Amino acid sequence: MNRGRELFIAGSADDLAREAAARLVEIAHRAINERGGCSLAVSGGSTPRRLYQLLTQPPYRQAIDWSRVHIFFADERYVPHDDPDSTARLIAETLLAGNPAIAPEQVHAMPTEGEPEASAADYARTLAAFFDGQPPAFDLILLGMGPDGHTASLFPGRPDSDLSVAVVQDSPKPPPTRLTLTLPTIRAAREILFLVTGADKAATLEQIFHSDPDDNQALPAARVTGRDGRSMWLVDTDAGRGLHAFATL
Ligand code: 6PG
């Protein structure tokens with residue numbers, strides 16, 4: 001019925017952050033035990049800030065061997081890394097500021113200087129080097145969703161790309177220029193975790209939960225699954241008000 005979408009409706013934004021932190025710990029443990037490390041791609045926006053802060057506090061900070069975690073970005077606004085809009089700045093101010101166990105060489109920010117196309121190609125090389133020349137296969141990608149059904153910086157009505165990193169111009173969500181992992185790269189991840197809050201996303205979530213991820217006309221967030229067709233959705237009661245029939249967790 002859910003087409004691989006697991007759904008947890010949290011009572012509050014704090015409950016959602018705690019549930020997300022617990023799942024991230026579980027996924028990181030499994031990745032480190034099975035492969036010696038965890039590759040995590042993070043998103044920007046307002047929703048995940050609480051999660052990033054929570055991960056620097058007990059018990060989560062001690063629950064993961066953070067020296068084994070490499071942090072990548074699902075997308076980035078094409079602004080300097082010290083710009084208030086920068087996701088690199090968001091991560092620096094939250095996850096990294098509170099966790100010295102994460103060394104700078106474990107953090108792979110998307111470059112945002114010079115020509116965007118060149119920066120996208122540069123980041124694609126960074127991914128290729130990290131994944132030994134194989135297609136990038138993140139252990140976990142943390143994603144949000146906009147009211148229009150975008151995720152990362154994949155917006156409705158935009159052409160698909162078979163690159164691993166694409167440039168987005170004229171983004172409907174400011175700032176206008178962004179870099180983003182592409183759908184094939186996101187769909188190659190082992191685990192996908194969406195965090196969605198707010199009543200303004202409720203109608204879109206209902207549409208998504210009735211959508212087939214393999215329908216290339218569906219909204220970008222509807223088309224996202226992990227490599228085995230699954231995705232985890234953690235939503236608050238406002239965003240999930242029409243989804244109770246779909247709740248699986
Ligand atoms: C970004 C994000 C974007 C975000 C959604 C939800 O950099 O803007 O990658 O995809 O996750 O727009 O944003 P909120 O969490 O602020 O609602």
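**Close-up 1. Thr56 lies in the loop that links helix α2 (49-54) to helix α3 (60-63).** The model is predicted, so local features need pLDDT of at least 70 and side-chain atom pairs count only at pLDDT 80 or more, while totals for chains, interfaces and linings use all residues. Residues are numbered from 1 along each chain as its sequence is written, and side-chain values use heavy atoms, with hydrogens and water left out. Helices (H or I, at least four residues) and strands (E, at least two) are DSSP runs, numbered from the N terminus.

**Close-up 2. Thr56 counts as buried because its relative accessibility is 15%.** Buried means under 20% relative accessible area, exposed over 50%, and partly exposed in between (1.4 Å probe, protein chains only). Beyond its neighbours within four places in sequence, Thr56 is in contact (heavy atoms within 4.5 Å) with Arg61, Thr94, Leu95, Gly98 and Asn99. The side chain of Thr56 also reaches the backbone oxygen of Gln53, at 2.6 Å.

**Close-up 3. An open sheet is formed by 3 strands in the order β4-β7-β6, with antiparallel pairing.** β4 (75-77) and β6 (165-168) are at the edges and have a single partner strand each, so one side of each is left without a neighbour in the sheet. From one strand to the next, the twist averages 20 degrees. Two strands pair if DSSP finds at least two bridges between them.

**Close-up 4. β6 and β7 (residues 178-181) run antiparallel and are joined by 4 bridges.** Val167 stands opposite Leu179 in β7. Helix α5 (residues 116-130) packs on the sheet and touches β6 and β7. The direction of α5 makes about 160 degrees with that of β6; axes are lines fitted to C-alpha atoms, for helices over the stretch in contact, and angles run from 0 to 180 degrees between N-to-C directions.

Methods. Polar contact = N/O pair within 3.5 Å; in protein donor to acceptor, adjacent residues only side chain to side chain.
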